[in-house]
Amino acid sequence: MLHAIMAAVPTPSPMPDPGSGTALLEHAMSPTEVAILLLLAIVVDYMSIGPNSLRDRLAFLMAVPAIKEGFDESPADKATVEALGGAIERLLDSTGGAYIAGASVNFVLGALVGLLWIYTIGCMMPVKLSKKMGRFATLTWPQSPLYRLNGRMWLVAILLGMMSDLPGGLIGDITRSLLDIATGLVAFLPGLLFGDA
């Protein structure tokens, strides 16, 4: 079933720019659709649309692809990666020349993003699965009151939207596949609800 879903999802891939030798990011949505999807996510969260068990999940599923499409490879993305990389480097340097200080900042940052995806999967799982998955399935973002955005959920959505391309290995493949699946699930919503731009 998962294989069938992943095969049906459009997977944007970098396309080489013949003039500069760099890769251009192919987008699954137009800039207008990205803006509308991000607004939908904000409205769903801010107005507490739907039951509590679904609201944050729905807002997250719309927010992450919108942030990925709208801000990946942007100056904000690069500044965020540099700031987090600098913080990790300062932490490693503060060990006083211990062996761990030689760790690769990029790999540590990628691992942290992968772990954030694992945390997010726990938050997205229905609590009913806790009998099989244990406490992992009971992870949740704190509930926000009416007319307030869920700060923790949005922080996670922003970080994952901009930095899901950093993890490598098996976790990196899974995180990119999850993001492609989420994009495929919500990319049609702006056109369906408001018409084509």
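Which helix holds T175? T175 is found in helix 8. Helices here are DSSP runs (H or I, at least four residues), numbered from the N terminus. The model is predicted: local features need pLDDT of at least 70, side-chain atom pairs count only at pLDDT 80 or more, and totals for chains, interfaces and linings use all residues. Residues are numbered from 1 along each chain as its sequence is written, and side-chain values use heavy atoms, with hydrogens and water left out.

T175 is buried, with a relative accessible area of 2%. Buried means under 20% relative accessible area, exposed means over 50%, and partly exposed lies in between (1.4 Å probe, protein chains only). T175 is in contact with W117, S164 and P167, leaving aside its neighbours within four places in sequence. Contact means heavy atoms within 4.5 Å.

A probe the size of a water molecule, rolled over the atoms, shows where empty space is left. On a 1 Å grid over the protein atoms alone, a pocket is an open set of points where a 1.4 Å probe fits, with protein on both sides within 12 Å along at least five of seven lines; lining residues have an atom within 4 Å of a point. The second largest pocket has a volume of about 280 Å³. That volume is the space filled by probe spheres set on the points. Helix 8 gives the largest share, five residues. By type, the lining divides into 11 nonpolar residues, one polar and no charged. Nonpolar covers Ala, Val, Leu, Ile, Met, Phe, Trp, Tyr, Cys and Pro; charged covers Asp, Glu, Lys and Arg; the others, Gly among them, count as polar.

Helix 2 has 16 residues. From its first C-alpha to its last, helix 2 reaches 22 Å, close to the 22 Å expected at 1.5 Å a residue. The expected span is 1.5 Å times one less than the number of residues. In helix 2, the buried residues are E33, V34, L37, L38, L40, A41, V44 and D45. Seen down the helix 2 axis, they fall within an arc of 155°, so they line one face of the helix. The arc is that of the directions from the helix axis to the C-beta atoms. P31 and L39 are exposed on the face turned away from the buried side of helix 2. Cover for the buried residues of helix 2 includes helix 3, helix 7, helix 8 and helix 9 (189–194).

Just after helix 2, S48 takes a positive phi of about 55°. S48 lies in the loop between helix 2 (31–46) and helix 3 (52–71). A positive phi, near 70°, is also found at E73, a residue other than glycine. E73 is placed in the loop between helix 3 and helix 4 (75–93). E73 is partly exposed, with a relative accessible area of 47%.

The 19 residues of helix 4 should span 27 Å at 1.5 Å a residue; its end C-alpha atoms are 26 Å apart, which agrees. D77, G85, G86, I88 and L92 are the buried residues of helix 4. Seen down the axis of helix 4, these fall within an arc of 170°, so they line one face of the helix. P75, E82, R90, L91 and D93 are exposed on the other side of helix 4. The buried residues of helix 4 are covered by elements including helix 3, helix 5 (105–124) and helix 7 (151–163).

Note on methods. Helices (H or I, at least four residues) and strands (E, at least two) are DSSP runs, numbered from the N terminus.
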